[in-house]
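The sequence and model come first.

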Amino acid sequence: MLETPVIIVGAGTLGIATAACLTKKSVPYLILERDDCFASLWQKRTYDRIHLHLRKQFCELPYFPFPDPYPHYVPKKQFIEYLQNYLNHFNINPLYDRAVELAEYDDGSEKWRVSAKNNRSGEVEEYVGRLLVVASGETAEPHVPEIEGLGSFEGEVLHSTGYKNGKEFKDEHVLVVGSGNSGMEIALDLANFGAKPSIIVRSPHVSEVNSEENLVQVEGVVVPTNTAVESGDAMIMEAGELKEAGGNQLQMVTSGSNSKDSMRSGGKVTTENDQGVALSLLLGWVLVGPVSVLGWCFLLAFSPGLANPS
């Protein structure tokens, strides 16, 4: 049995950021990670073209800014490199291949008791700590709802976490279910690789691109792409307040070549997709259609998305 003041479950971005903050305060801790690497969602379950959907200054971890040469919207490879440097800088060493099976609070000792299976040895290890931080991530598990008739579909069915790029889908019809960041970017990627993607949108969206005037229209609100970040975000979130809550997304298509913002507030989500997506929609490379549209491959992209995976 190993005892420490703080036990952190998960070595994603939240887990290692917590570890860094504890290090700054000289508080001992340990991290239990079920996979064999840090940030496994980013390293193993994201598509090749993914970038951070917020500018880098909004995504940097505590006490460690992104390097100046990094682009505003950091690509996957550089983000993983940044995280590795973060671990090295703060001397963070997670215990990998530890799958937490049980965590319970002992009122007598006023401490947490955590049982974790060592995936390498098969043994169950015991850990004790005064504080427990659960940093396992909101998108750690793929969400695949039941869809009537999907079991009899003869083509390939793939969740977005299993998609890497569109190379193997060249000349194939692919139906993408979901129009969040993952769905729209995957549809664009498929088109870039010569596939014939269609995309299903759950609810009506009001999206307009005006590249000549450099404008973005979101649910009737027009925002110039050169608007200051704070002002633009405020306008977008005001637009979000006009839509009834119910799990639906506000869809935003931007005309700025590098505009890739995704803001969350009060349970409402405003997603966007870059100019490449907009152009593909306008040119018909990516089709938006009703549920009756069929594809040879059925690609599911309706999980919370990988905009800011933890």
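This is a predicted model: local features need pLDDT of at least 70, side-chain atom pairs count only at pLDDT 80 or more; totals for chains, interfaces and linings use all residues.

Residues are numbered from 1 along each chain as its sequence is written, and side-chain values use heavy atoms, with hydrogens and water left out.

**Salt bridges**

Side chains of opposite charge can pair when their charged atoms come close. Here a salt bridge means a side-chain nitrogen of Lys or Arg within 4 Å of a carboxyl oxygen of Asp or Glu. The whole structure holds 7 salt bridges. The table lists some of them.

| Pair | N to O distance |
|---|---|
| K44 and D36 | 2.6 Å |
| D97 and R120 | 2.7 Å |
| R113 and D106 | 3.3 Å |

Helices (H or I, at least four residues) and strands (E, at least two) are DSSP runs, numbered from the N terminus.

How exposed is D97, and how exposed is R120? D97 is buried, at 13% relative accessibility. R120 is exposed, at 61%. The two side chains form a salt bridge. D97 sits in the loop between α4 (76–90) and β3 (98–106), and R120 in the loop between β4 (111–118) and β5 (124–134), so their pairing ties together parts that are 23 residues apart in sequence.

K44 is partly exposed, with 34% relative accessibility.

R113 pairs with D106 through a salt bridge. R113 is partly exposed at 30%. D106 is partly exposed too, at 26%. Elsewhere, shared partners link salt bridges into one network of D35, D36, K44 and R45.

**Positive phi**

Most residues other than glycine have a negative phi. Which value does phi of S26 take? Phi of S26 is near 60°, a positive value in a residue other than glycine. S26 lies in the loop between α1 (13–24) and β2 (29–32). S26 is exposed, at 64% relative accessibility.

D171 also has a positive phi, near 70°, and is a residue other than glycine. D171 is found in the loop between β6 (156–159) and β7 (173–177).

Definitions and conventions
Buried means under 20% relative accessible area, exposed over 50%, partly exposed in between (1.4 Å probe, protein chains only).
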